[in-house]
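Dear colleague,

Please find below the structure that I am handing over to you.

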Amino acid sequence: MPTSTSGILGSGSLLSSIPLFIYPSSSSVKKTHPHTGYSLAAATTTCGFSIFSMGTDNKEKTMATGGGGHSTTLLLNSPLHPTSPQLQSALAAIWAAIAPGATLTRAEFCNFLVTTQKESQETSAAILGEIGPRHDNDSVIGLAEFTRYMCTPHANILRLPRPSEKDESHPLTSYFISSSHNTYLVGHQLYGDSTTAGYINVLRRGCRCIEIDVWDGDGGEPEVFHGWTLTKEISFREVCRAIRDHAFWTEGGEEVRGPVVISLECHCSARQQEKMVRIMKDVWRGILVEKPVCGKNSLHEVDHVPTLKELKGKILVKTKYHPPEEGEEGERLEGSVAKLAITPKSVQAPSPGSKSSSEDSSSDEELLEFARFSGKTKPKKPKITRALSDLAIYIAATHFPGTFTPLQPFRPGTVFSFSEKVFAAHQNSYPRELFQHNLTHFMRVYPFGLRFSSSNADPTEFWRRGVQLVALNWQKADEGMMLNEGMFAGEGGYVLKPPYFRPSADGGPPPPPGETKKLDLEIEVLAAQDIPLPDKDEDPRHFEPYVKIEIHTDDPPPNADEVKGRTKKAQNKGVNVRWEPKKKSRKLFSSSRNLATADDDSLIPGEETGGPVGKKTKRIGEVLKFKAVEGFRDPAMCFLRIKLHDEEFGKDDLAAWACVRLDRAEQGWRVVRLFDRKGRRSQGCLLVKVGWRVV
């Protein structure tokens, strides 16, 4: 039976007056990491998605989930087998359309790859080498070779970046960084489990900025948990060990070298802060940035932020930074804790009706919101020790002074932290100044404190303003996490901002942004195989899937409607389905700025082979068109979200999804690999034809 919080927390707790019910927590088990041999905590929870699931043989199996970018890499490189009649017939229909004579010469097939699939000559030659006829005297390509090609990663809708394409020469402030909020939680924000598995999970999925809330623990050892809630505490030392063992390894066992940022939210006494510093220096010895890497003797002398390349393989601590006071420089941890204590600037709690806040950490803001919600007093902020503050070398959390243009320039590496609502207020008041700040300094935006169910805002709202650290709740595969997967897919947690979001190569102002243009996009939906069923659905005979497309542009007009469209439901029920062309035009979505329709008119030219050059291919699937979508400036900041829903009475449940950054979206006939509704990799795929152009 559920239990009321009032009987657990007592009348003095911030949560004692919240109408909340707590269900039994999940059981914890032990797991040995295959590379290090360390025993790791693992848990299954009914809140959000599972980090680990228990098999019938009592052996744990990790659930590979999307959201951080690396899961897409594994998904796209996993084998695809066209076993369903629907997918096989769809591939045969495509081949019949592009090869009326049943075969193509190698030159004709190469021309198809270049003109329709938009592949380079070099890539086309490589594809022919992989899928071409097995004997030298075979000079034609048939359906078998075409099917083989469509099952390779070359046919995926998403083109993953090559390691050689990664520009690591810019300061860390010039990158978007995959970031998490309340990383230690694997479920609900108020009563979910705290576990090291939360850190292991997000790090191995591609996250590069993780949050640790540290409080005084029993026995004099600092502990990690969500303060003033029912979340279970874990040892700070164990968290540091888990980070050390998993910071630079993906879930596929591949090494990743992008630096890890520790967003430290410290609520400890001075004496336990002393232990925190010792633990971090001990456990992270050799990888923790304890002093400037650029030849400076002190963090107070730092005059620039190093490049991504210079910080590879390192752990950086983001914590409160306080300039040294007169006579204080040179103090060391071994000195008196009382002498090292620093009193932070007082924070005036806004009134309950206030729309802004001066809180400079997510924990502060959440505690403030809890206090407002329950009518209690916010806990007093502890003092910060010099030893802990001295770890804020390149990412220095600083109290926001109320302006982005102070008389004295901000210290290099300064970071302001705002909740999504406070950020919106600053964006409305100082849009230009906020953007200018983010050219050379850090900013972190985190979910509003009352998002108890671990939901997220749309991260594109913050990326468009140059925010590097958009901290999301990774416990749910919602719209925010889908877009995060699209942004960081295959990127190792770091994406270089577009040129107009960062200083020029000589440190001068950035170039002006390009003109806002319009986007024409066309997607022809043909077939799907092995679609994962919606939650709690077990019988595919009642599953009636349809495809929904959403476009997120980088500069949408104010108050613009969403850009979206959908197909009709598939022509048959089940997890293996086909779509057919519409005989008449049907308007699917309209607003003041866009229109999605399905018709027989071709927006993007069809295939051209070495045969009947210029002949358009007959439609064989249902077509969605988005004409003159406004707000398009840079495809690297635009996203295509593809979802499959079950058509039902009432709400249509989500079954599967994929998210693609438009600059990575391949054209032509493509395979979309699918995550299930909880963000786990699936065997599902969608067969589509994609074409887009800027007008």
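The protein chain contains 16 helices and 32 strands. Please bear in mind throughout that the model is predicted. Of the 695 residues of the chain, 57% count as buried. The accessible surface comes to about 28,800 Å², and carbon and sulfur atoms hold 50% of that area. Among contacts with a separation of 6 or more, 73% are between residues 24 or more positions apart.

Confidence

The mean pLDDT of the protein chain is 79, with 73% of its residues reaching 70 or more. Over residues 1-63 the pLDDT stays under 50, although the model has 136 contacts beyond four places in sequence for them. Residues 607-615 are also below 50, and this stretch has 20 contacts in the model beyond near neighbours in sequence. Where pLDDT is low, the predicted coordinates should not be read in detail.

Nonpolar cores

The largest nonpolar core has 107 residues. Ile212, Phe236, Ile243, Leu264, Met280, Trp284 and Leu686 are the residues with the most contacts inside this core. Its largest share, seven residues, is supplied by strand 30 (residues 654-661). Apart from this core lies another, of 28 residues, which includes Ile98, Phe112, Ile141 and Met150.

For Leu686, the contacts outside four places in sequence are with Val525, Ala527, Ala528, Val547, Trp579, Ile642, Leu644, Arg670, Val671, Val672 and Leu674.

Phe112 belongs to helix 4 (residues 106-115), whose buried residues are Glu108, Phe109, Cys110, Phe112 and Leu113. These buried residues pack against helix 3 (85-98), strand 7 (104-105), helix 5 (121-131), strand 8 (140-141) and helix 6 (143-150).

Leu316 is placed in strand 14 (residues 315-320). Its relative accessibility is 3%, so Leu316 counts as buried. The C-alpha atoms of Leu316 and Val289 are separated by 5.6 Å, while the two residues are 27 residues apart along the chain. Val289 is one of the contacts of Leu316 outside four places in sequence, and the others are Pro259, Val260, Val261, Ile262, Leu311 and Tyr394.

Phe488 is found in helix 16 (residues 479-488). Its relative accessible area is 1%, and Phe488 is therefore buried. From Phe488 to Phe176 there are 312 residues in sequence, yet their C-alpha atoms are 8.8 Å apart in space. Neighbours within four places aside, Phe488 is in contact with Gly68, Gly69, Phe176, Ile177, Ser178, Trp463, Gly493, Tyr494 and Val495.

Ser455 lies in the loop between strand 19 (442-446) and helix 15 (460-463). Is Ser455 buried or exposed? With a relative accessible area of 19%, Ser455 is buried, because the cut-off for that class is under 20%. Beyond four places in sequence, Ser455 is in contact with Pro447, Asn473 and Asp478.

Aromatic rings and charges

The structure holds 24 aromatic pairs. One of them is formed by Tyr175 and Tyr494, whose ring centres are 6.2 Å apart and whose planes stand at 80 degrees, so the pair is edge-to-face. Tyr175 in strand 9 (residues 175-180) and Tyr494 in strand 21 (residues 494-496) are 319 residues apart, and the pair thus links distant parts of the chain. Tyr175 is buried at a relative accessible area of 0%, and Tyr494 is buried at 1%.

Phe410 and Phe416 form a further pair, with centres 5.1 Å apart and planes at 85 degrees, so this one is edge-to-face. Both Phe410 and Phe416 are buried.

Phe488, discussed above, also belongs to an aromatic cluster together with Phe176, Phe435, Trp463, Tyr500, Phe501 and Phe639.

Two charged side chains are placed over aromatic rings. The charged end of Arg257 sits over the ring of Phe248, at 5.6 Å from its centre. The charged end of Lys421 sits over the ring of Phe448, at 4.1 Å from its centre.

With kind regards

Notes: Residues numbered from 1 in each chain as written. Heavy atoms only, no water. Core = buried A, V, L, I, M, F, W, Y, C linked by side-chain atoms within 4.5 Å. Buried < 20%, exposed > 50% of the residue type's maximum accessible area, 1.4 Å probe, protein only. Helix = DSSP H or I, 4+ residues; strand = E, 2+ residues; numbered from the N terminus. Contact = heavy atoms within 4.5 Å. Areas by Shrake-Rupley, 256 points an atom, 1.4 Å probe, with all protein chains shown as cover. Phe/Tyr/Trp six-rings, centres within 6.5 Å; stacked < 30°, edge-to-face > 60°. Lys NZ or Arg CZ within 6 Å of the ring centre and 35° of its normal. pLDDT = per-residue confidence, 0-100.
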